Amino acid sequence: MTRVIYPGSFDPITNGHLSVIRRAAKLFDEVIVVVMINHKKPVGCFTHKERVELITRCVKDIPNVRVDYYDGLLAEYAKIKEANAIVKGLRAVSDFEHEFQQALTNKELNPDFETVFVTAGADYMYLSSSIVKQVCELGGDVSKFVPPEVYEDIVKGIKKKG
Ligand code: ADP
């Protein structure tokens, strides 16, 4: 049985994230999507509970995906969950250097696990949570960027914060 962890801020979930989740769910027996707080990023738009709830709604039709929250070291979380690997999404080359550095650090901290890179569909190569927030704050239409079942709540959440 293969269990992988897909960590991120997910503030909020986008179609890019969902594309990575669907691909990972086809490749592995179990995928745990874990909301992690990146203390280097500014305080987010959505609380971790809201982020977990939004993701949960989007993955309800994928039986081998679970959603969780963890505030700590990813390498520790992977140990606790006895995961085989971490899944990271890759967009453009710009993601690569940072992700590569993290993958090597995690391997140093926990030599037992691997990092697997998955790309989202080509349509989502440019997409990030920050882009969604920027467009929405300026009154743009983000319905193509986020899953339909959470679209309204995402717009409400971003407008409330802005
Ligand atoms: P962001 O706020 O930039 O969207 P997250 O921390 O929420 O980033 O992202 C979690 C993981 O998902 C990271 O590995 C990130 O590279 C990946 N990811 C995010 N958006 C995409 C996308 N559009 N295509 C591929 N991978 C993505």
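Four elements, β1 (3-8), α1, β4 (85-90) and α4 (93-109), each supply at least two residues of the shell around the ligand. The model is predicted.

The space that the ligand takes is the largest pocket. Around the ligand stand 20 residues, and Tyr6, Phe10, Gly89, Tyr124 and Leu127 come nearest. The side chain of histidine 17 has an N or O atom 3.0 Å from an oxygen atom of the ligand. For the side chain of glutamate 99, an N or O atom lies 3.4 Å from a ligand oxygen. Serine 129 takes part through its backbone: a polar atom there is 3.2 Å from an oxygen atom of the ligand. Taken alone, the ligand exposes 550 Å², and the protein buries 92% of that.

Now look at the loop between β1 and α1. Phenylalanine 10 has its place there. This residue is one of those that come nearest to the ligand. Its phi is near 50°, a positive value in a residue other than glycine. Phenylalanine 10 counts as buried because its relative accessible area is 2%, and the cut-off for buried is under 20%. Proline 12 lies in that loop between β1 and α1 as well.

Glutamate 82 sits in the loop between α3 (74-80) and β4. Is this residue buried or exposed? Glutamate 82 is exposed, since its relative accessible area is 65% and exposed means over 50%.

Next comes helix α1, which spans residues 15-27 and holds valine 20. With a relative accessible area of 3%, valine 20 is buried. Which residues does it touch, beyond those up to four places away in sequence? They are Tyr6, Val87, Gly89, Val118, Thr119 and Ala120. Tyr6 and Gly89 are also among the residues that come nearest to the ligand. Valine 87 is 67 residues from valine 20 in sequence, yet their C-alpha atoms are 8.6 Å apart in space.

Finish at asparagine 64, in the loop between α2 (48-58) and β3 (65-70). Its side chain reaches the backbone oxygen of phenylalanine 28 at 3.1 Å. Leaving out residues up to four places away in sequence, asparagine 64 touches Ala25, Phe28, Asp29, Glu30 and Val31.

Key. Residues numbered from 1 in each chain as written. Predicted model: local features only at pLDDT ≥ 70, side-chain atom pairs only at ≥ 80, totals over all residues. Heavy atoms only, no water. Polar contact = N/O pair within 3.5 Å; in protein donor to acceptor, adjacent residues only side chain to side chain. Contact = heavy atoms within 4.5 Å. Buried < 20%, exposed > 50% of the residue type's maximum accessible area, 1.4 Å probe, protein only. Near = heavy atom within 4 Å. Areas by Shrake-Rupley, 256 points an atom, 1.4 Å probe, with all protein chains shown as cover. 1 Å grid on protein atoms, 1.4 Å probe; cavity = no way out; pocket = protein on both sides within 12 Å on 5 of 7 lines; lining within 4 Å. Sits in = over half its atoms within 2 Å of the grid points.
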